[in-house]
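Please look over the sequence and the model, then read the points grouped by topic below.

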Amino acid sequence: MTPTVTDAMEAKAKERLYRLVDQIPEGEVHTAERFLEYLASRDDDPLVRALRNAPDMDEPLSEEDREALEEGRKALEAGEVVSHEELRKAIGL
């Protein structure tokens, strides 16, 4: 069977996941593990399968969406964001 574009995209996504696993902060490893186990166990759910196979974007971005994305990018570049771990500490989790 000849590999498809979708197969190649999925292989690249899995490679990115392997790299991301190595970057997970020590305190979040178990959370990531539970989430991945959840995803792996839900493969038989038709709704989850449909959502997973849905196109990335069903409709074009509105001007408001583009502005919000640009605002977020600027905040990220300016260092005006906090990490997940910093937020958890700030709210006492």
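Asp-58 is found in the loop between helix 3 (46-53) and helix 4, where helices (H or I, at least four residues) and strands (E, at least two) are DSSP runs, numbered from the N terminus. The model is predicted, so local features need pLDDT of at least 70 and side-chain atom pairs count only at pLDDT 80 or more, while totals for chains, interfaces and linings use all residues. Residues are numbered from 1 along each chain as its sequence is written, and side-chain values use heavy atoms, with hydrogens and water left out.

**Asp-58 and the negative patch**

- Asp-58 is exposed, with a relative accessible area of 66%; buried means under 20% relative accessible area, exposed over 50%, and partly exposed in between (1.4 Å probe, protein chains only).
- Together with Glu-59, Glu-64, Asp-65, Glu-67 and Glu-71, Asp-58 belongs to a patch of negative charge on the surface.
- Patches are made of residues with over 30% relative accessible area and no salt bridge, with like charges joined within 9 Å and nonpolar side chains (Val, Leu, Ile, Met, Phe, Trp, Tyr) joined within 5 Å.
- Pro-60 is found in the loop between helix 3 and helix 4, and Pro-60 is exposed, with a relative accessible area of 72%.
- The C-alpha atoms of Pro-60 and Arg-49 are separated by 23 Å, and the two residues are 11 residues apart along the chain.

**Overall build**

- The chain has 5 helices and 0 strands, in the pattern α-α-α-α-α along the sequence.
- The radius of gyration of the chain is 18 Å, well over the 12 Å that the globule rule gives for 93 residues, so the chain is more spread out than a compact globule.
- That radius is taken over C-alpha atoms, and the globule rule is 2.2 Å times the number of residues to the power 0.38.
- Along the principal axes, the C-alpha atoms fill a box of roughly 50 × 40 × 25 Å.
- Of the 93 residues of the chain, 5% count as buried.
- The accessible surface of the chain is about 8,800 Å², and 57% of this surface belongs to carbon and sulfur atoms; accessible areas come from the Shrake-Rupley method with a 1.4 Å probe, and for residues only the protein chains shown count as cover.

**Charge**

- There are 13 positive and 24 negative side chains in the chain, and the centres of the two sets lie 4 Å apart.
- Lys and Arg count as positive and Asp and Glu as negative, while His and the chain ends are not counted.
- The place of a charge is taken as NZ of Lys, CZ of Arg, CG of Asp or CD of Glu.

**Salt bridges**

- The whole structure holds 3 salt bridges, a salt bridge being a side-chain nitrogen of Lys or Arg within 4 Å of a carboxyl oxygen of Asp or Glu.
- Glu-28 and Arg-88 form a salt bridge through their side chains (2.8 Å, N to O).
- This pair links distant parts of the chain, 60 residues apart: Glu-28 is in the loop between helix 1 (5-23) and helix 2 (29-41), and Arg-88 is in helix 5 (residues 84-90).
- Glu-28 is buried, with a relative accessible area of 10%, whereas Arg-88 is partly exposed at 26%.
- Glu-63 and Arg-66 also meet in a salt bridge (3.7 Å, N to O); being 3 residues apart in helix 4 (residues 63-77), they are separated by about one helical turn.
- Glu-63 is partly exposed at 47% relative accessible area, and Arg-66 is partly exposed at 42%.
- A salt bridge also joins the side chains of Glu-70 and Arg-73 (3.9 Å, N to O), which both lie in helix 4, 3 residues apart, about one turn of the helix.
- Glu-70 is partly exposed at 35% relative accessible area, and Arg-73 counts as partly exposed at 47%.

- Val-21, Phe-35, Leu-36, Tyr-38 and Leu-39 make up a nonpolar patch on the surface, with about 460 Å² of accessible area together.
- Helix 2 gives the largest share of this nonpolar patch, 4 residues.
- Leu-36 is in helix 2 and counts as partly exposed at 41% relative accessibility.
- His-84 lies in helix 5 and is exposed, with a relative accessible area of 52%.
- The C-alpha atoms of His-84 and Ala-54, 30 residues apart along the chain, are separated by 27 Å.
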